[in-house]
Amino acid sequence: MASVTLSVLEGLERGRIFRNLQTPITIGREEVNSVQLNDERISRLHAKLQDDQGNVIFTDLNSTNGSRINGHPVQLRILRPGDHLQLGRCTLLFGSDAEITERARQLGVQIEALLPFLGPPGRSMPAGGSSDAEFSLADNINNDNLLSPLFHSERPPLPAKLTTLQQARMSDVLACIHEQLQNAISTAAEHDESGEGDMLVPWDRFQNLLLLQRDLAKWLQQASNSE
């Protein structure tokens, strides 16, 4: 069981902060949810957060309008402090000020870069949330800030303790991606002689990249739906 902090950055509930929520957590319009958000674009049971070996996992519960994390549509994702969860018209910030600051330290990000997002610590909100809690994010946050995560995406770690068959299958997938990217990179040419212009990729290589993107989307869906 993990303790989670969610801050509402945008939407009708803007300014609310939910502290010490214990997983599993559900988010949606219905009162039965751990986090209830008043937004007609959010499904009654929209998403859930659960703990797995110390990781907080976000799962979209087949919502009508889907979910985005850091601007990208997702079905299943490991959350990290500073991630933006976009459900309907609402944007939530995952992580407490302390967790976000610690992640910034680990990534070598200057804390001054986070000042548009982090303000003075607010009062703790009881589990389940309360509308009278002081919001701990700076008042000058704007919509431009909400479109990108606090941190640039770092490479996710590979899963551990795979069976030999799972390792082989993952190796096949990664080798396929590597080969397609290598083919595109090796055939790219500079658009002008200055070396400062755009790069050109042959049409057939570009089509292969589009097919690879399609396959990755399919694999992501299969991974999200696997039980």
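Leaving aside neighbours within four places in sequence, T5 is in contact (heavy atoms within 4.5 Å) with I17, F18, R19, N20, L93, F94, G95 and S96. T5 lies in strand 1; strands (E, at least two residues) and helices (H or I, at least four residues) are DSSP runs, numbered from the N terminus. T5 counts as buried because its relative accessibility is 9%; buried means under 20% relative accessible area, exposed over 50%, and partly exposed in between, with a 1.4 Å probe and protein chains only.

This is a predicted model, in which local features need pLDDT of at least 70 and side-chain atom pairs count only at pLDDT 80 or more, while totals for chains, interfaces and linings use all residues. Residues are numbered from 1 along each chain as its sequence is written, and side-chain values use heavy atoms, with hydrogens and water left out.

The chain holds 4 helices and 13 strands. Of its 227 residues, 32% count as buried. Among contacts between residues at least 6 apart in sequence, 42% join residues at least 24 apart. The chain exposes about 14300 Å², of which carbon and sulfur atoms supply 51%; accessible areas come from the Shrake-Rupley method with a 1.4 Å probe, and for residues only the protein chains shown count as cover.

Two strands count as paired if DSSP finds at least two bridges between them.

Strand 11 has two partners to follow here. Strand 1 (residues 3–10) runs antiparallel to strand 11 and is joined to it by 4 bridges, with V8 opposite L92. Strand 10 and strand 11 form a hairpin with 2 residues between them, and G88 in the turn has a positive phi of about 60°.

Why is strand 11 largely enclosed by the rest of the structure? It is so because 5 of its 5 residues are buried. Both faces are covered, with C90, L92 and F94 buried on one side and T91 and L93 buried on the other.

V201 is in the loop between strand 13 (199–200) and helix 4 (203–225). V201 is partly exposed because its relative accessible area is 36%. Together with W203, F206 and L210, V201 makes a nonpolar surface patch of about 410 Å². Patches are made of residues with over 30% relative accessible area and no salt bridge, like charges being joined within 9 Å and nonpolar side chains (Val, Leu, Ile, Met, Phe, Trp, Tyr) within 5 Å. A salt bridge is a side-chain nitrogen of Lys or Arg within 4 Å of a carboxyl oxygen of Asp or Glu.

D204 lies in helix 4, and D204 counts as partly exposed because its relative accessibility is 45%. The C-alpha atoms of D204 and A184 are 9.1 Å apart, with 20 residues separating the two along the chain.
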